[in-house]
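Welcome! Please keep the picture in view as you read.

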Amino acid sequence: MKKFSLKARYILLIITLTCITLIVITSYVGGDNIVNQTVGYIITPIQKGFNNTGNWFSNIYGWVTNLDNLEEDNELLKAKVEELEVENSKLQLEHTELERLRKLFQLSLTYEEYPMTGARIIAKAPGNWYNTFTIDKGRSDGIEQGMVVIADSGLVGHIVDVSEHYAVVQSIIDDSSSVHGQVVRTSDTLFVEGDKLLAEEGICQVTFINSEAEIVKGDNIVTSPLGDIYPPGITIGMITDVEENPNLLTKTAYLKPVVDFSNLNEVLIITQSYKEDFENEKEELEGIE
């Protein structure tokens with residue numbers, strides 16, 4: 001801090017002594033007279049200046065004293081903000097999970113004729129898409145090979161391997177998958193097949209479409225009653241493009257699944273094996289013949 005010069009100190013001392021002298025004089029004289037009025041006229045501005053200076057130093061002292069408290073309050077506020085951010089993230093995760101479970105519940109109502117159980121995905125094959133993945137339920141939960149898996153708004157795939165406490169699901173975008181499908185609008189049948197290159201875009205190839213079939217972009221495709229794994233009527237997806245094959249007897253098309261295979265967390269398993277029922281009915285029909 002810059003120190004006062006010697007000259008300034010003398011001036012301050014003279015002013016102080018003058019004020020003291022004038023105050024002593026007025027106390028002896030007393031009353032409302034010309035002396036007191038003159039002294040008051042002189043010392044009042046000086047007193048006011050001292051008061052203002054004192055107030056200024058008092059405010060500065062208060063500000064410096066409160067600075068430590070402000071820093072402490074700031075740290076507490078930062079800690080509180082971090083705590084609220086963590087809490088907010090938890091609430092967002094819970095809200096997202098609740099929405100996913102609500103969609104699964106609505107899906108279960110859509111196919112309420114089938115017994116179902118829910119499962120969480122605990123592992124997946126490398127890559128961005130859920131071609132094959134593992135769920136947290138297995139043989140001890142009544143899961144069997146061939147059972148159908150659904151999520152979002154429709155078909156995911158089926159169980160291809162089962163252990164005691166977990167099972168592996170092959171989805172319809174896997175390049176070894178083939179699903180017997182049907183056009184909802186015309187009942188034309190076709191096959192929805194996984195393709196290694198198209199799987200990178202989350203799209204399936206549609207093959208064996210009769211050249212006479214009136215399939216167009218936007219047609220909805222569901223599982224066909226002619227399949228031996230999937231029960232009929234489960235939504236697979238929508239046709240996004242159709243290619244004519246002039247030299248062949250069939251057409252080729254592309255399908256966008258209703259399931260988002262880039263983001264799966266929970267699924268529903270139809271715990272009734274359609275394949276077993278299908279084979280039993282087939283044997284009964286053959287027996288009749």
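Two strands count as paired if DSSP finds at least two bridges between them. With that in mind, note that this is a predicted model, and that Ala151 stands opposite Gly154 in strand E4.

**The barrel**

- Six strands make a closed barrel in the order E1-E2-E5-E4-E3-E12, and their pairing is antiparallel.
- On average, neighbouring strands of this sheet are turned by 45 degrees against each other, with direction ignored.
- In general, the strands of a sheet pair through backbone hydrogen bonds, and the pairing can be parallel or antiparallel.
- Strand E1, covering residues 116–124, runs antiparallel to strand E2, residues 132–135, and three bridges join them.
- Look for Lys124: its bridge partner in E2 is Phe133.

**Strand E3 and its two partners**

- Strand E3 spans residues 148–151 and is covered on both faces. Val148 and Ile150 are buried on one side, while Val149 and Ala151 are buried on the other.
- One partner of E3 is E4 (residues 154–162), an antiparallel neighbour joined to E3 by four bridges.
- E3 and E4 form a hairpin, with two residues between the strands. In the turn, Asp152 has a positive phi of about 50 degrees.
- E3 also pairs with strand E12 (residues 266–270), in the antiparallel sense and over three bridges.
- Within that pairing, Ile150 stands opposite Leu268 in E12.

**A buried serine**

- Ser171 belongs to strand E5, which runs over residues 167–171.
- Is Ser171 buried or exposed? Its relative accessibility is 0%, so Ser171 counts as buried; the cut-off for buried is under 20%.
- What is Ser171 in contact with, leaving aside its neighbours within four places in sequence? The contacts are Tyr130, Asn131, Val156, Gly157, Ser177 and Phe261.

- Leu6, Tyr10, Leu13, Ile14, Leu17, Ile20 and Val24 make a nonpolar surface patch of about 690 Å².
- Leu6, one of these residues, lies in helix H1, which covers residues 6–29.
- Why does Leu6 count as exposed? Leu6 has 55% relative accessibility, and exposed means over 50%, so Leu6 passes the cut-off.

Key:
Residues are numbered from 1 along each chain as its sequence is written. This is a predicted model: local features need pLDDT of at least 70, side-chain atom pairs count only at pLDDT 80 or more; totals for chains, interfaces and linings use all residues. Side-chain values use heavy atoms; hydrogens and water are left out. Patches are made of residues with over 30% relative accessible area and no salt bridge: like charges are joined within 9 Å, nonpolar side chains (Val, Leu, Ile, Met, Phe, Trp, Tyr) within 5 Å. Accessible areas come from the Shrake-Rupley method with a 1.4 Å probe; for residues, only the protein chains shown count as cover. A salt bridge is a side-chain nitrogen of Lys or Arg within 4 Å of a carboxyl oxygen of Asp or Glu. Buried means under 20% relative accessible area, exposed over 50%, partly exposed in between (1.4 Å probe, protein chains only). Axes are lines fitted to C-alpha atoms, for helices over the stretch in contact, and angles run from 0 to 180 degrees between N-to-C directions. Contact means heavy atoms within 4.5 Å.
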